[in-house]
Amino acid sequence: MVPHLATALTGPLLTLEKRFLDNETAIERWLRGQWLEHSPPFYASVDLRNSGFKLAPVDTNLFPGGFNNLDPAMLPLCVQAAMSAIEKICPEAKNLLLIPENHTRNQYYLMNVARLAAILRHTGLNVRIGSLLPEISQPTPLSLPDGQTLTLEPLRRFGSTGTDGLGRRLGLASDTGFDPCAILLNNDLSAGVPPILANLHEQFVIPPLSAGWHTRRKSQHFAAYRRIAREFAALIGIDPWLIDPEFAVCGKIDFQQRAGIECLAENIDKLLHHIRVKYREYAIDATPFVVVKADAGTYGMGIMTVKDASEVRELSRRQRNKMAVVKEGLQVTEVIIQEGVPTFETVDEGVAEPVVYMIDRYVVGGFYRVHTQRGVDENLNAPGMHFKPLAFETGCTLPDTTQNPDAPPNRFYAYGVIARLALLAAACELEEYGEA
C-alpha cells in the first residue's frame, strides 16, 4: 500500500529519489562507515514530510510509542535488529526491565508496550514492566483491546547504597529475585529524572537519561542533522535544502505574558524570507509557512502553523494558553521555528505523513499518520489521527533500480535513507550530551 501523491512527482523530488537510486552503493557504504564511528540509539522513530518537492524529517523521537502500529510482517526484522542492539550493550543479558510512560488508561500506548515487550522476549530476554506510578504498589494486570494482559509492577532500589541513600540497582518490589542487566526506557522523562532512576551505575540505562526531554532540545537535534545532511548532500551531489528543514530558535518566551513575542516574529520573518528564496529557485508555486513548536516535548502539544509574522503578534488568549504548556503541564520557554514542509500524501482521503521506525541502525518498519480533518500544512499528530501500517513489499532498504523512482520499494527506500540520516544525527546529538 503506497498512498496517492496528490502532485505529479516531477522536478526536484523525482530527481532526488533518482539520485538516491543511482547512488545506492555509495550511500550504504557511507552509512556503514558512519556507524563505525557513532553508536546508534537503541531505537527511534522519525516523522517525515513528503511535499513533492522536498523530503525531510520534522521530528525524531528517541522513545517511540507506536510499535503496535507496525505491520506484523515486520516483526521478524524487529527481533533481529533488537538482538543486534542488545548484543552490543549487554551480550550476557537475561533480564530486562522496561519502564513505560505513566499511562494506565491509554490502551493504544499500552498495546505499544506489549508489542515492544514481545519483540524483546523473542530475543531471549525475560522482560518485566516496572511502573513509575506511585499508585502501582503491587502487580497490576491491565486488559488490552486485543485480548492481551499487560502487568505493571512496582519498582525498588537494592544493592550497595550510594551517596543518595538508595541502592545502586533497580528491580521489582514484587520479585526480589529479578535482577535486570539493563533498563529500557519507553518514558521520555519530560518532567525530569525521578530519583528512583538516578545514579544506576551498575546497570545499563537505555536510552541514556540525557536523551529525555528534560535535557534534550529539538534545535540541537536539527543542528546535528544539518551537519549530517550537508555531508550527505555533498556525497551524492544534491542541494541539502531538499532534505533539510531550515529552523531558528527563540530561547526566552512566555506566551501567557506575551514576553519574547517580538523575537519570535522577527525570526519567523527571516525564515519565511529564506524559504521564499528557495521556492523561487525551484519555481515552487506554494505559500511558505513555518511551524512553531516547543523546543522540548512530544505528543504533538505546543505546535502552531504560521504563514505571516503578524499571526504571532495577534495571538488570542486561547491560542497563547495552548502554546504555553506541553506534556506534564510544563511551561514552554523555548521554541523552535521550523520550515514547514507540506505533505501531499493522502490515505483514505486523509492527509498523511510517513513515520519510520528503527532499532539499532536498521529500519524495521513504519506507518502513515493520517488525519482527515487537517490540511497539508498542519500538524497531524493531533486528536482524530489514525494509523496505517506501511506494507513494505521488499523492505525499506531494498530499492528496485529497474522501476521508476516513485515505485513502492523506491519511495520507501528514500524514506529509509532520510530516516537513517536523522538517526545518525541523534547518535551525534547523544554523544554531545554525554560529553557535556
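Predicted model: local features only at pLDDT ≥ 70, side-chain atom pairs only at ≥ 80, totals over all residues.

Author: Residues are numbered from 1 along each chain as its sequence is written, and side-chain values use heavy atoms, with hydrogens and water left out.

Reader: Why does C250 count as buried?

Author: Buried means under 20% relative accessible area, exposed over 50%, and partly exposed in between, using a 1.4 Å probe and protein chains only. C250 has 0% relative accessibility, so it counts as buried. C428 is at 12%, so buried is the label there as well.

Reader: What makes C90 and C181 a disulfide?

Author: The rule asks for a pair of cysteine sulfur atoms within 2.5 Å. The sulfur atoms of C90 and C181 are 1.8 Å apart, so they form a disulfide. The count by this rule is 1. C90 sits in the loop between α3 and β4 (95–100), and C181 in the loop between β8 and β9 (182–186), so the pair ties together parts that are 91 residues apart in sequence. Those names come from DSSP runs numbered from the N terminus: helices are H or I with at least four residues, strands are E with at least two.

Reader: How do you know that the span of α2 agrees with what a helix should have?

Author: The expected span is 1.5 Å times one less than the number of residues. Helix α2 (residues 24–37) has 14 residues and should span 20 Å; its end C-alpha atoms are 20 Å apart, so the two agree. Among the buried residues of α2 are W30 and W35.

Reader: Why do β7 and β8 count as paired?

Author: Two strands pair if DSSP finds at least two bridges between them. Strand β7 (residues 149–161) and β8 are joined by 5 bridges, so they pair, and they run antiparallel. In β8 (residues 167–172), 5 of the 6 residues are buried.

Reader: What lines the second largest cavity, by class?

Author: Its lining has 8 nonpolar, no polar and no charged residues, including C90 and I206. Nonpolar covers Ala, Val, Leu, Ile, Met, Phe, Trp, Tyr, Cys and Pro; Asp, Glu, Lys and Arg are charged; the others, Gly among them, are polar. A cavity is a set of points on a 1 Å grid over the protein atoms alone where a 1.4 Å probe fits but cannot get out, and lining residues have an atom within 4 Å of a point.

Key:
1 Å grid on protein atoms, 1.4 Å probe; cavity = no way out; pocket = protein on both sides within 12 Å on 5 of 7 lines; lining within 4 Å.
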